Amino acid sequence: LIAAAANASDEAGHKNTCACDAEELDFSIECSNGSILTDTLATLIQDGCSANCASEACKKNFLIIQSHHDFCLHDQIPGVIEDSFHDYDEVCEHCEIFRRRDPILTNCPASVCDGRGTDSYGAMLVAECLSDCSSTACGANYKILRTEHDNCPEGSISDSAETGIHDFEEICEPYNCNSLFTAEDETEQLICNPKDTPPSPAPTSDASVASLVAGFLVATTGTALLA
């Protein structure tokens, strides 16, 4: 598990920060930019970027969409952006940014990026959390899925979990959590400093996170998660 997390961290470190890409490509990351995002999506569709994202226009327009999708709170992003984002995220180059803090939420568990987000997604389906997310197990697995989805490099969770999390966002909303732990961390997301990587969530011991996941998966599926 430790090796997998280290490899994932290394992969994430090779990405540009969204703040630096925004500075270089001359766009701003502002969560009130809903109309700009829908116009940008229309251009992505018109240019066929879901099939080929190699052009400079496709690269820039996807980065505009992706940086807002990953940084802004869900209720700040037009629904059409949420629904269409994953048509492009496997073919377009990403930048690195963490989701901003929501002042009414508690902190998420630290991300580990070893596939446990996929396991938690599967456990939520088995437990029928789409119908009722009020159980402790549904809530805990949603928090794991949330932090793994928000903070891990592409490919750390399955495509089904990557897109399926949006089906849970409304019914599991009481269990939402912050992936960034301080206001300073959030501010740093919008400042380009090429020498630094974006701040990661505070570390949690691998053993404690694995124990937490295993307990919740046992509660929902009756099957222990192997380390």
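Guide: In helix H8, which spans residues 159-168, the buried residues are Ala 161, Glu 162, Gly 164, Ile 165, His 166 and Phe 168, where buried means under 20% relative accessible area with a 1.4 Å probe, protein chains only. Helices here are DSSP runs of H or I with at least four residues, and strands are runs of E with at least two, numbered from the N terminus. This is a predicted model in which local features need pLDDT of at least 70 and side-chain atom pairs count only at pLDDT 80 or more, while totals for chains, interfaces and linings use all residues. Residues are numbered from 1 along each chain as its sequence is written, and side-chain values use heavy atoms, with hydrogens and water left out.

Visitor: Against which helices do the buried residues of H8 pack?

Guide: Contact means heavy atoms within 4.5 Å. The partners of the buried H8 residues are H4, helix H5 (79-84), H6 and H7.

Visitor: Is Ser 67 buried or exposed, and which backbone oxygen does its side chain reach?

Guide: Ser 67 lies in helix H4, and because its relative accessibility is 0%, Ser 67 counts as buried. Leaving aside neighbours within four places in sequence, Ser 67 is in contact with Cys 18, Phe 27, Ile 29, Cys 95 and Ile 97. At 2.8 Å, its side chain reaches the backbone oxygen of Leu 63.

Visitor: At what angle do H6 and H7 pack?

Guide: The contact between these helices brings Arg 116, Gly 117, Ser 120, Tyr 121, Ala 123 and Met 124 of H6 to Cys 138, Asn 141, Tyr 142, Ile 144, Leu 145 and Glu 148 of H7. Axes are lines fitted to C-alpha atoms, for helices over the stretch in contact, and angles run from 0 to 180 degrees between N-to-C directions. With their axes 8 Å apart, helix H6 (residues 116-126) and helix H7 (residues 136-151) pack at an angle of about 145°.

Key: Buried means under 20% relative accessible area, exposed over 50%, partly exposed in between (1.4 Å probe, protein chains only). A polar contact is a pair of N or O atoms within 3.5 Å; within protein, one must be able to donate a hydrogen and the other to accept it, and residues adjacent in sequence count only if both atoms are side-chain atoms.
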